[in-house]
Amino acid sequence: MDYETFFRNELDGLRREGRYRVFADLERKAGRFPRATYHGEDGPREITVWCSNDYLGMGQHPKVLAAMREALDACGAGAGGTRNIGGTNHYHVLLEQELAALHGQESALLFNSGYMSNWASLGTLAARIPGCVVLTDQLNHASMIEGIRHSRAERHIFAHNDADDLRRKLQAIDPARPKLIAFESVYSMDGDIAPIETFCDIADEFGAMTYLDEVHAVGLYGPHGGGISEREGLSQRLTVIEGTLAKAFGVMGGYITGSAALCDFIRSFASGFIFSSALPPTVAAGALAAIRHLKESSAEREAQQANVAALRRLLDQAGIPHLDNPSHIVPVMVGEAAACKRISDELLARFDIYVQPINYPTVPRGTERLRITPSPLHSEDDLRRLVTALSEIWSRSGLKHAA
């Protein structure tokens, strides 16, 4: 086989479909979020970022930066390896205690990423509980899908956020078998929110565990940033609450929270934890500072929600189609991969606005979009410039306006 030709042909197929991913060469500017320097063919220039998952700008927050500098000077750069051998640092212990308290749970366990926390935790639970059946939402994240698949447990996919379909599938399973219901709170592409309380009621009815992915909600919802489950007073009804440190908390890493026995079980049996080097102490320190700040401060959440509402109003006035949802995610719908890429390229080239196109397989074909995430640090002028640019491109391109 001519391997190199195979690789090139596959990549050419992505380019023909408009789905070839191009990484923009960006340099974030500390203290100036959402501004960044774009290093393009014509040299560096300043742009405004509209698609960052650093939802609240905490990656630039003075408290976070100060905590990371202090930890760097105190502990050095790395963690020293896996936590089982040489990598458990006091910052890890403090951070796990803080995360457990944030979600009202007994314990927490850190991972290197949200992807790894889902993959390792779901994979371990479903594989090691004898006869476990997993019921997973149709739109669950790839990390959840891969963890469940890796477990080789029996799985049933229920229609997205559909409690009736979940109940029907549970009724068909032997009541004596262990069951795990896996779902997200805020879904990252459509921005809709799961009926968590209803799912908890169903889990109680059928004797199932619940696994809630809160990665797009922690820091952003609830009086202390504990996510949708905290906002709705449901944290203690969930078996596992999983989250990330790489979005609203501004650094990197993932975690689970739950009972002391459950977290110890994952710690003791999950290969993705056992054989991975620990998070650097600097990262743990930065996350700790971000969580503590957002537990006490609601200013960032309130400002973000105000900007989201303002952007939606401006888009409506301009007739730019976007999905209506109750979250902070604003999907501007294009519906065709090549057009989505062209709009993204023009926004960057002509208007110094950076929004990545979202194409298949991240979203289904025909639902391609620009996924916009307003932060509390975008100004009123930023909002107007974005919508003006979109409106100009929309009209000139002959794209369909919202009714």
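In what order do the seven strands of the open sheet run? The order is E4-E10-E9-E8-E7-E5-E6, and the pairing is mixed. Strands here are DSSP runs of E with at least two residues, helices are runs of H or I with at least four, and both are numbered from the N terminus. Two strands count as paired if DSSP finds at least two bridges between them.

Before I go on: this is a predicted model, where local features need pLDDT of at least 70, side-chain atom pairs count only at pLDDT 80 or more, and totals for chains, interfaces and linings use all residues. Residues are numbered from 1 along each chain as its sequence is written, and side-chain values use heavy atoms, with hydrogens and water left out.

Axes are lines fitted to C-alpha atoms, for helices over the stretch in contact, and angles run from 0 to 180 degrees between N-to-C directions.

Strands E8 (209–213) and E9 (240–244) run parallel and are joined by three bridges. Leu-212 has Ile-241 in E9 as its bridge partner.

Now the helices. H4 (90–102) lies across E4 and E10 (254–258), at about 125 degrees to E4. H10 (260–269) packs on the sheet and touches E4, E9 and E10, with contact meaning heavy atoms within 4.5 Å. The direction of H10 makes about 25 degrees with that of E4.

Last, Asn-89, in the loop between H3 (83–87) and H4. Is Asn-89 buried or exposed? Asn-89 is buried, because its relative accessible area is 18%, and buried means under 20% (1.4 Å probe, protein chains only). Leaving out residues up to four places away in sequence, Asn-89 touches Cys-75 and Pro-281.

Definitions and conventions:
Buried < 20%, exposed > 50% of the residue type's maximum accessible area, 1.4 Å probe, protein only.
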